[in-house]
Amino acid sequence: MLELTRTVRFSTNPAAPSEAGGGDVEWGEPTNTFAAFPTMRGLGRHDELDVRCRGEVNPATGYFIDIKTIDRATREAAVPVIARACRETPHVDPAMVLRDVLPPLAAALRPAELVGVRWRLSPYYSVEMTTRSPSTVLLRQQFEFAAAHRLHVPTLTDEENRALFGKCNNPAGHGHNYRVEPCVEVPLPTPPEPPRFTLADLERLTKAAVVDLFDHKNLNTDLPQFAGPGGMNPSVENIAKVCFDELTRAMEAASAGAKLRSVTVWETDKTSCTYPAEPASLAG
């Protein structure tokens, strides 16, 4: 058994001027599906769907499912649902739209099993839902803060610290522009009940609990979790844990009605850490 993920990019375009009642417009044959199809025309919007399927490899073809099948099913079953919502109910919570996407997409992909869909509404904001848990959504948004740190273990000698941490052991420290992405599990409301936890809630709580705590700080001296002889070494691993702990406390104090699943911290574009690591059984 394996899982295959295919990213399908598309644009939701305004109706052509000749269409009196509006509608979903196809703009010719696909020529650049890497960027998006339908292609952007006018003041449209760009979206991506990460479609995750599960199944067995066909020993004759080496395929589990042809990616063209995923593309076709997504554009025929999922994209019209999103385009219609953008046109008719533009203020609806995206999670409610994603809930309506899963059943027709799952039917269009059979006999392959649809595991879940992550809808990237921007490079930094996404909602994800699985077929096994269609009553909850995973909400993710990225943030940033700038901070300085020095990697140093007091129980090691200066030579051992330099050998282990290299330039990161510079006594004057060094800085990073960190990116942070909380992943929050939110129960879907029953219409007409309003959403219990929104992107605005996530942004407000993360700014107060994480960004304001870390931003433009020297982690070794300004944050009690890392300062002093008993403090943790401010590695990206420990930073991710502190972010998770602080945001968990903030969400519990606010009775947010949502659960923080994990926090991912990027120290650079090449290095990130997610805390806590989730068991494979929770991935879908």
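## Basis of the description

A residue is called buried at under 20% relative accessible area, exposed at over 50%, and partly exposed in between, using a 1.4 Å probe and protein chains only. By this scale Glu159 is exposed, with a relative accessible area of 52%.

The model is predicted, and local features are described at pLDDT of at least 70, side-chain atom pairs at pLDDT 80 or more, while totals for chains, interfaces and linings use all residues. Residues are numbered from 1 along each chain as its sequence is written, and side-chain values use heavy atoms, with hydrogens and water left out.

## Salt bridges

Side chains of opposite charge can pair when their charged atoms come close. The structure holds 21 salt bridges, each defined as a side-chain nitrogen of Lys or Arg within 4 Å of a carboxyl oxygen of Asp or Glu. Helices and strands are DSSP runs numbered from the N terminus, helices being H or I of at least four residues and strands E of at least two. One of the salt bridges joins Glu3 to Arg54, with an N to O distance of 2.6 Å. Because Glu3 belongs to strand 1 (residues 2–12) and Arg54 to strand 2 (residues 45–55), the pair ties together parts that are 51 residues apart in sequence. Glu3 is partly exposed at 38% relative accessibility, whereas Arg54 is buried at 12%.

Glu159 and Arg162 form another salt bridge, at 3.6 Å from N to O. These two residues lie 3 apart in helix 3 (residues 158–165), a separation of about one helical turn. Arg162 is partly exposed, at 46% relative accessibility.

## Pairing of strand 7

Two strands are said to pair if DSSP finds at least two bridges between them. Strand 7 (residues 174–187) pairs with strand 5 (residues 136–141) in the antiparallel sense over 5 bridges, and Val186 of strand 7 is the bridge partner of Val137. Strand 6 (residues 143–149) is also antiparallel to strand 7 and is joined to it by 7 bridges; here His149 is partnered by His174 of strand 7.

Strand 9 (residues 259–268) likewise runs antiparallel to strand 7, with 7 bridges between them. Arg179 stands opposite Trp266 of strand 9.

## Nonpolar core

A nonpolar core is a set of buried Ala, Val, Leu, Ile, Met, Phe, Trp, Tyr and Cys residues joined through side-chain atoms within 4.5 Å. The largest such core has 64 residues, of which Leu105, Leu109, Phe197, Phe214, Ile239 and Val265 touch the most other members. Leaving aside residues up to four places away in sequence, Val265 touches several residues, including Tyr178, Arg179, Val180, Ile239 and Cys243, contact meaning heavy atoms within 4.5 Å.

## Helix 1

Helix 1 (residues 67–88) contains 22 residues and spans 30 Å from its first C-alpha to its last, close to the 32 Å expected at 1.5 Å a residue; the expected span is 1.5 Å times one less than the number of residues. A kink of about 35 degrees is centred on Arg75, the bend at a residue being the angle between axes fitted to the seven residues ending there and the seven starting there.

The buried residues of helix 1 include Ile70, Asp71, Arg75, Val79 and Ile82. Its buried residues pack against strand 1, strand 2, helix 2 (94–109) and strand 3 (113–120).
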